[in-house]
Amino acid sequence: MKIEFLPLARFIEIHREYIDMKDQMENTCGPYALTYILRGLGYKIYNNIEISEDFIAHLARTRISPEEVKLREEAIRRMLYNEEPYEKILEKYGKVLYRYDLPISDKPEEIGTSVEGLKYALEVITNKDLIGVPIPSRRKEKIYFDEQRFMRLINVLMDNIERWGYQAIMNIQTDLLINNIGLYHDLFRVIFSNEPEHEIGRNLWKAGHFVSLAGFLKVYRNTSDVKIYLLIRDTYKNIGYRGYHVQPIDAVRKALVRDDGREGGIMLIIKREFENEVKNAIESIGIPVETWDNGSPF
């Protein structure tokens, strides 16, 4: 057996930023992923403001719940009146201590971040030197990521890692992935399993979620048997191995297509000079370049 790893551009720089971050705040998975990517690409300050997940959440108009707002106000009050040591408050309320006011929604399906919001934040911070190219997995009942087209898309992405130098953020449904928690997820167990979905099982946590793509693994069992796996960089460090987990290509496809009534997809982050080339390559597969609806408004 031979395993070939194809990391995305600036893998080490992005990894260093990633490992320096704690887990995401309560509803900032998309902004969290965009934060370590931008910082790894050299975008650490915007108009004298530090690039952080809550600043990106502010730009992207991430929706939070009324309960989060109440907890945040409670934490601020405790800090102002010195009711508890700062470290204790941070430990208890850190997940909701956003430094910026965020839009509020009492509708659970609206909580979180839209792909429009992530694209907007990316292009504001980089002054459109980098742009977001959204690739929807489906629009309502129309599925674009069927097995054939998704495999063609993955081949295009693998073939252009160096030329395009892209990054990718994926909007998925978590319970359609292979179980990636604790001892149940192991790199070699996933690769050596003939039917990982049945032998390892699916993820137990069900939610709409943003993760980033770290790279691809090509596993050669023999000259005629080559399987593709995706290396996912998650927003929680207790998932997989310190936040990284390997997923079979079809599990990722299903997680992107989703079956929870929402839409998913992949947002590529590319230099503006490659915009037309990338769009043409994707559209030639039969997949449109447009945003999708994951339930969160912008």
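**Salt bridges and a buried serine**

Arg-10 is partly exposed, with 38% relative accessible area (buried means under 20%, exposed over 50%, partly exposed in between, using a 1.4 Å probe and protein chains only). This is a predicted model, where local features need pLDDT of at least 70 and side-chain atom pairs count only at pLDDT 80 or more, while totals for chains, interfaces and linings use all residues. Residues are numbered from 1 along each chain as its sequence is written, and side-chain values use heavy atoms, with hydrogens and water left out.

**Salt bridges**

- The count of salt bridges comes to 23 (each one a side-chain nitrogen of Lys or Arg within 4 Å of a carboxyl oxygen of Asp or Glu).
- As background, side chains of opposite charge can pair when their charged atoms come close.
- Arg-10 pairs up with Glu-13 in one of these bridges, at 3.4 Å from N to O.
- Glu-13 is partly exposed too, at 32% relative accessible area.
- Arg-78 and Glu-83 make another salt bridge, with 3.7 Å between the closest N and O atoms.
- In that pair, Arg-78 is buried at 19%, while Glu-83 is partly exposed at 39%.
- Elsewhere, salt bridges with shared partners link Glu-17, Arg-39, Lys-44, Glu-50, Asp-54 and Arg-99 into one network.

**Asp-54 and Arg-99**

- Asp-54 and Arg-99 form a salt bridge, their closest N and O atoms sitting 3.1 Å apart.
- Asp-54 belongs to helix 3 (residues 53–60) and Arg-99 to the loop between helix 5 (86–93) and helix 6 (115–125), so this pair ties together parts that are 45 residues apart in sequence.
- Helices here are DSSP runs of H or I with at least four residues, strands are runs of E with at least two, and both are numbered from the N terminus.

**Ser-212**

- Ser-212 sits in strand 8, which covers residues 208–222.
- Ser-212 counts as buried because its relative accessibility is 0%.
- Leaving aside residues up to four places away in sequence, Ser-212 touches Tyr-36, Ile-37, Ala-168, Ile-169, Leu-231, Ile-232 and Arg-233 (contact means heavy atoms within 4.5 Å).
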